[in-house]
Amino acid sequence: MKYDIKEQYNCVVFAFKGNVMGGPDAETFRDKLHEYIDKDIKKVVVDLGSVKFMNSSGLGILIGGHTTMKNAGGELVICQADKRIESLLMVTQLLKVFKHFRKLDEAIAHFN
């Protein structure tokens, strides 16, 4: 899993790319979240617009990130999931857990 990171309007945006399939990426992502928590940045957007495939371990990365941010008093939201990823989130009932926005701007605006 690859991702770009940018800070916008007092939140951090992780733009995931390619296949999100777990493995060592989960620990790397969690460590990066803790770096932002240490900087007191606790508003996270995960942009799924460039994700081609996600398996159950990839879902675990999102759930772990959500839990990490919630435990730190923050929030993680997702945006731009395509129909396949949104269907996966619906079947697993994770759309009840995550706030999902159609556009990145809407997700960022949620925090302001």
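Before anything else, a definition: a residue counts as buried when its relative accessible area is under 20%, as exposed when that area is over 50%, and as partly exposed in between, with a 1.4 Å probe and protein chains only. What I am showing is a predicted model, in which local features need pLDDT of at least 70 and side-chain atom pairs count only at pLDDT 80 or more, while totals for chains, interfaces and linings use all residues. Residues are numbered from 1 along each chain as its sequence is written, and side-chain values use heavy atoms, with hydrogens and water left out.

In α2, the buried residues are G58, L59, I61, L62, G65, H66, T68 and M69. Contact here means heavy atoms within 4.5 Å, and what covers those buried residues of α2 includes β2, α1, β3, β4 and α3. The helix has 16 residues and reaches 22 Å from its first C-alpha to its last, close to the 22 Å expected at 1.5 Å a residue, the expected span being 1.5 Å times one less than the number of residues.

From there I turn to the interior. A nonpolar core is a set of buried Ala, Val, Leu, Ile, Met, Phe, Trp, Tyr and Cys residues joined through side-chain atoms within 4.5 Å. The largest such core has 26 residues, and those with the most contacts inside it are F14, F16, V46 and L48. At least two residues of this core come from each of β2 (11-20), α1 (24-38), β3 (43-54), α2 (56-71), β4 (75-79) and α3 (83-91), and β3 gives the most, with 5 residues. Apart from this core lies another, of 10 residues, among them C11, V77, L104 and F111. As for L48, if we do not count residues up to four places away in sequence, L48 touches F16, M54, L62, I78, C79, Q80, A81 and I85.

How are the aromatic rings arranged? Rings of Phe, Tyr and Trp (its six-membered ring) pair if their centres lie within 6.5 Å, and planes under 30 degrees apart count as stacked, over 60 as edge-to-face and the rest as tilted. By this rule the count comes to 6 aromatic pairs. The rings of Y3 and F29 have centres 6.3 Å apart and planes at 70 degrees, so this pair is edge-to-face. Because Y3 lies in strand β1 and F29 in helix α1, the pair ties together parts that are 26 residues apart in sequence, and both residues are buried. F14 and Y36 are also an edge-to-face pair, at 6.2 Å centre to centre and 85 degrees between the planes. Y3, F14, F16, F29 and Y36 form one aromatic cluster.

Finally, consider strands β1 and β2, where two strands pair if DSSP finds at least two bridges between them. Strand β1 (residues 2-8) is joined to β2 by 7 bridges, and the two run antiparallel; E7, for instance, has V12 in β2 as its bridge partner. Their hairpin has 2 residues between the strands, and Y9 there takes a positive phi near 50 degrees. N10, in the loop between β1 and β2, counts as exposed at 53% relative accessibility. Leaving aside neighbours within four places in sequence, N10 is in contact with I41 and K43.

Technical notes:
Helix = DSSP H or I, 4+ residues; strand = E, 2+ residues; numbered from the N terminus.
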